[in-house]
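Subject: Structure handover

Hello,

Here is the structure for your files. My notes on it follow below.

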Amino acid sequence: PRQGPPLHQQHTTRLISSTTRPVAASSTAASVTSAKKCGLVWYKCSDLRTLDHEPLSLAHAENTNVCHIFCFDPRWFGEAGGPSAPGTLKTGALRARFLLEAVEDLKRRLQDNLVIKLGKPEVEVPRLAKALGATIVYAHREVTSEELAVVKGVQDGLRKVTDGESKLREVWGGYLYHINDLPFDNVKQDMPC
């Protein structure tokens with residue numbers, strides 16, 4: 001007998017449906033775009049915090065209104081693939097549960113000002129930026145190839161959807177040391193390998 005979707009997928013659907021409110025609806029977008037500056041903070045699974053989140057701080061310092069978005073990217077829940085791990089999932093049940101709990105906690109800390117979408121960030125982030133009239137999307141800088149491809153997709157999407165009016169501003173973060181705290185004038189040349 002067919003059992004239905006796994007628990008983490010059921011919970012994801014409930015979380016998304018309970019938090020996707022008309023924050024990006026035309027009434028909000030119209031009021032935001034009328035002379036008030038709006039910023040959008042894009043959270044990723046590696047930066048679900050508020051205490052030391054530089055993009056969050058910058059967005060609130062530079063904008064009258066700030067909205068926050070997190071996307072459950074369907075690619076995270078597919079097969080990892082590859083010859084060394086056939087049939088293994090990119091995100092297992094325990095990691096999925098941890099991610100759901102972390103997003104719920106982030107939503108609580110942001111006082112429900114978090115739009116949660118099930119979809120690719122390349123589509124969802126530009127779509128919300130356009131709806132809100134957000135001029136800048138703030139996010140942490142990425143370094144790995146998969147994440148950089150997503151970032152490029154978001155940048156391309158912002159250019160297309162907002163006619164170049166919205167920009168992605170990436171900030172260094174999520175590492176043990178901030179790049180400016182390293183004792184080298186030129187990190188690429190001076191840091192020992």
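Helices and strands here are DSSP runs numbered from the N terminus, a helix having at least four residues and a strand at least two. The model is a predicted one.

Overall make-up. The protein has seven helices and five strands. Read from the N terminus, the order of its elements is α-α-β-α-β-α-β-α-β-α-β-α. Of the 193 residues in the protein, 36% are buried.

The largest pocket. The space in the largest pocket is about 600 Å³. Its lining counts 28 residues, and those closest to the centre are Lys44, Cys45, Trp76, Glu142 and Glu147. At least two lining residues come from each of strand S1 (38-43), strand S2 (65-72), H4 and H6. H6 gives the largest share of the lining, four residues.

S4, H6 and S5. Helix H6 (residues 145-161) also belongs to a right-handed β-α-β unit, together with S4 and S5. The two strands of that unit, S4 (residues 136-140) and S5 (residues 167-171), pair in the parallel sense, with five bridges between them. In this pairing Ala139 is opposite Glu170 of S5.

Helix H4. This helix covers residues 93-109, 17 residues in total, and spans 24 Å from first C-alpha to last, close to the 24 Å expected at 1.5 Å a residue. Its buried residues are Ala96, Leu99, Leu100, Ala102, Val103, Leu106 and Lys107. Viewed down the axis of H4, these buried residues fall within an arc of 165°, so they line one face of the helix. The face turned away from that buried side carries Ala93, Leu94, Phe98 and Arg108, which are exposed. Note that Leu94 and Phe98 are among these exposed residues, while Lys107 is among the buried ones. Just after H4, Gln111 has a positive phi of about 55°.

Ala59. One further residue to look at is Ala59, which sits in helix H3 (residues 54-62). Is Ala59 buried or exposed? Its relative accessible area is 0%, and buried means under 20%, so Ala59 counts as buried. Along the chain, Ala59 and Cys38 are 21 residues apart, and their C-alpha atoms are separated by 8.5 Å.

Regards

Definitions and conventions: Residues numbered from 1 in each chain as written. Predicted model: local features only at pLDDT ≥ 70, side-chain atom pairs only at ≥ 80, totals over all residues. Heavy atoms only, no water. Pairing = 2+ DSSP bridges. Right-handed = clockwise from strand over helix to strand, strands pointing away. Expected span 1.5 Å × (residues − 1). Buried < 20%, exposed > 50% of the residue type's maximum accessible area, 1.4 Å probe, protein only. Arc of directions from axis to C-beta. 1 Å grid on protein atoms, 1.4 Å probe; cavity = no way out; pocket = protein on both sides within 12 Å on 5 of 7 lines; lining within 4 Å. Points joined across faces, edges and corners; volume = space filled by probe spheres on them.
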